[in-house]
Amino acid sequence: MIRLEVAYTENAGRFYRGHLTVNGENIETFNWLHEVNEYLVEKGSKVVFPQGTDEGDIYDIQKKATDQVGFLVIAHDTMDIL
């Protein structure tokens with residue numbers, strides 16, 4: 001199972017980190033938001049994550065991205081998850 005998880009900082013709501021896992025194994029770590037968004041677009045997504053949680057509904061984006069790319073995309077609003 002492929003999962004792309006994106007985390008934002010809890011207090012400031014800014015992008016923190018992203019992880020791509022396949023069957024539970026970390027394949028790639030994204031330290032920059034543009035890397036996450038480029039990956040999503042490359043896989044067929046028409047939506048991308050904003051720099052901060054105040055700039056868009058990250059949970060709505062995760063649902064749309066999951067539907068568009070065909071694998072699970074998860075957003076977290078607390079950075080200690082990743």
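# Exercises on a predicted model

β2 and β3 form a hairpin with two residues between them, and Asn23 in its turn has a positive phi of about 50°. The model is predicted: local features need pLDDT of at least 70, side-chain atom pairs count only at pLDDT 80 or more, and totals for chains, interfaces and linings use all residues. Residues are numbered from 1 along each chain as its sequence is written, and side-chain values use heavy atoms, with hydrogens and water left out.

**Exercise 1. State how many helices and strands the protein has, and in which order they occur.**

Solution. Helices (H or I, at least four residues) and strands (E, at least two) are DSSP runs, numbered from the N terminus. The protein has two helices and four strands. Along the sequence, their pattern is β-β-β-α-α-β.

**Exercise 2. Describe how β2 pairs with β1 and with β3.**

Solution. Two strands pair if DSSP finds at least two bridges between them.

- Step 1. β1 and β2 run antiparallel and are joined by seven bridges. Tyr8 has Phe15 in β2 as its bridge partner.
- Step 2. The hairpin of β1 and β2 has six residues between the strands, and Gly13 in the turn has a positive phi of about 70°.
- Step 3. β2 and β3 (residues 25-30) also run antiparallel, with five bridges. His19 has Thr29 in β3 as its bridge partner.

**Exercise 3. Identify the residues with the most contacts inside the largest nonpolar core, and the elements that supply it.**

Solution. A nonpolar core is a set of buried Ala, Val, Leu, Ile, Met, Phe, Trp, Tyr and Cys residues joined through side-chain atoms within 4.5 Å. Buried means under 20% relative accessible area, exposed over 50%, and partly exposed in between (1.4 Å probe, protein chains only).

- Step 1. The largest such core has 19 residues, and Leu4, Val6, Tyr8, Val36, Leu40, Phe49 and Val73 have the most contacts inside it.
- Step 2. At least two residues of this core come from each of β1 (2-8), β2 (15-22), α1 (33-42), α2 (58-69) and β4 (72-76).

**Exercise 4. Determine whether Gln62 is buried or exposed, and what its side chain reaches.**

Solution.

- Step 1. Gln62 lies in helix α2. Its relative accessible area is 16%, so Gln62 is buried.
- Step 2. The Gln62 side chain reaches the backbone nitrogen of Ala75 at 2.5 Å.
- Step 3. Residues up to four places away in sequence aside, Gln62 touches Phe49, Val73, Ile74 and Ala75; contact means heavy atoms within 4.5 Å.

Terms used
Polar contact = N/O pair within 3.5 Å; in protein donor to acceptor, adjacent residues only side chain to side chain.
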